[in-house]
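Hi everyone, thanks for making time.

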Amino acid sequence: MAAKDRIGLFNGLALVNDAAWMTSAKLQVNAWADAGIIYNANNPSDNYNGPVVFADRANEFNLHQLGLQVFKDVNTQGGAWDIGGKVTVMYGSDARFNTINPYGDKTWDNNLIGASQRFYKLAIPNAYLDVFVPLAKGISVRMGRFYTIMGYETGLSPDNFFYTHPYTFQYGEPFTHTGLTVTYPLLKNLTVTLGAVTGGHSLVNGVLDGNGGWDGFDNNMENWNFLGGLNWTSQTGASSVALSVITGDVNSDNNLRAFQRQTGRIKQDNRTFYSLVLQHDFTERWHFVLQHDHGFEQQHPLNNFHSAQWYGIQTQTRYDVTDNLGLGLRAEWFRDADGVRVGQMCPGCAQLATGRADYYTLSLGLNWKMLNWITVRPELRYDWSDGVKAFDSRNKDHQFIVGADVVIAF
């Protein structure tokens with residue numbers, strides 16, 4: 001659901017949005033809270049649901065997100081220059097996954113409320129300007145930090161059907177980017193996006209730790225990746241296809257040269273990843289999503305500097321029982337072929353890689369809009385791994401969790 005279409009608790013922000021200075025500036029504000037609890041049948045001693053992240057705490061009530069957005073939509077139909085943008089601020093247990101370079105420090109929003117907070121952080125996942133340039137069919141430019149164009153799900157709770165996330169989202173693809181994109185309508189139903197995004201890097205005792213254009217920020221602006229995508233929508237709007245790709249070096253040239261001086265070896269450093277998302281509405285009530293991701297990286301440090309790849313498929317089938325009640329089934333296979341993507345990510349037990357394995361998930365969920373401003377999302381989820389024991393402190397190869405969260409719009 002688009003941010004501007006959400007209806008809040010007792011229309012609580014109406015006074016702000018209807019204020020003369022807000023309407024004059026064409027600004028809008030919205031807010032939400034997401035809180036929930038998950039029961040884990042394994043009853044893990046550390047209360048960790050990993051490698052399931054975001055909703056990663058077992059048998060504990062959590063405030064996942066308390067979010068606030070201020071935004072101005074850009075008019076792309078008026079044939080004139082226009083400027084807009086968005087700032088999103090998020091507090092909660094999800095925020096630590098939405099900061100730049102999670103589990104790092106001294107980067108953008110990672111320590112806004114101090115490193116002593118284990119599970120709760122403050123994040124600013126969106127902070128960008130949009131500019132519409134009235135040339136030819138109209139060019140849309142985005143500059144700053146923004147959620148990725150890749151994949152299907154997003155880091156904002158109100159925009160997802162399910163309570164938890166698939167592995168493709170959690171481990172396969174970037175969450176955010178910092179940089180610039182340009183979007184242009186090639187045809188009425190076909191748009192192209194081209195961009196350049198930057199990412200941080202470090203070199204400590206001969207160990208490279210870079211993230212290219214993924215979820216980071218390069219203070220020296222030395223490290224850039226290409227980000228691009230094609231989006232097609234059918235004439236009726238019932239079908240759509242989105243193909244996106246990001247490619248470039250994980251570390252900057254200066255960082256690679258320093259690595260060569262320290263280790264005496266040359267490292268090839270390209271990482272390329274693509275995501276394909278197909279959506280189709282069979283009827284007004286039946287909806288289907290198919291997503292395929294595939295990534296590969298040269299000389300990955302977690303694979304003894306050999307090349308590594310990962311890929312997966314997830315499907316979502318949803319049925320609108322009524323206008324306020326939806327039923328969904330999500331199925332996924334994710335292959336961490338070289339054991340470099342799926343890890344244990346809880347603070348204090350962070351482990352960058354669990355090992356080579358295939359991961360499978362089945363989730364059955366409800367999305368019940370009790371009132372215009374409150375949505376309840378119960379979910380049953382079963383995970384199992386083939387290749388490693390990834391659950392319950394790496395003692396089991398399966399996990400059953402059941403939980404529910406409540407999303408309240410203000």
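Let's begin with D358, which is buried at a relative accessible area of 10%; buried here means under 20% relative accessible area, exposed means over 50%, and partly exposed is in between, with a 1.4 Å probe and protein chains only. Before I go on, a word on the ground rules: this is a predicted model, where local features need pLDDT of at least 70 and side-chain atom pairs count only at pLDDT 80 or more, while totals for chains, interfaces and linings use all residues. Residues are numbered from 1 along each chain as its sequence is written, and side-chain values use heavy atoms, with hydrogens and water left out.

So, which residue forms a salt bridge with D358? The partner is R335, and the closest N and O atoms are 2.7 Å apart. By salt bridge I mean a side-chain nitrogen of Lys or Arg within 4 Å of a carboxyl oxygen of Asp or Glu. R335 sits in strand β15 (residues 325-336) and D358 in strand β16 (residues 357-371), so this pair ties together parts that are 23 residues apart in sequence. Helices (H or I, at least four residues) and strands (E, at least two) are DSSP runs, numbered from the N terminus. R335 itself is partly exposed, with a relative accessible area of 27%.

Next, please find R96 and D56. Their closest N and O atoms are 2.3 Å apart in a salt bridge. R96 belongs to helix α3 (residues 95-98), and D56 to the loop between β1 (28-40) and β2 (61-72), so the pair ties together parts that are 40 residues apart in sequence. Are these two buried or exposed? R96 is buried, at a relative accessible area of 3%, and D56 is buried too, at 1%.

K396 is partly exposed at 28%, whereas D392 counts as buried at 12%.

How many salt bridges does the rule give? The count is 13. There is also a network of salt bridges, linking D34, R377 and D405.

Last stop, helix α5, residues 253-263. Its N255, L256, A258 and F259 are buried. Those residues cover an arc of only 160° around the axis, which puts them on the same side of α5; the arc is that of the directions from the helix axis to the C-beta atoms. After α5 comes G264, with a positive phi near 75°.
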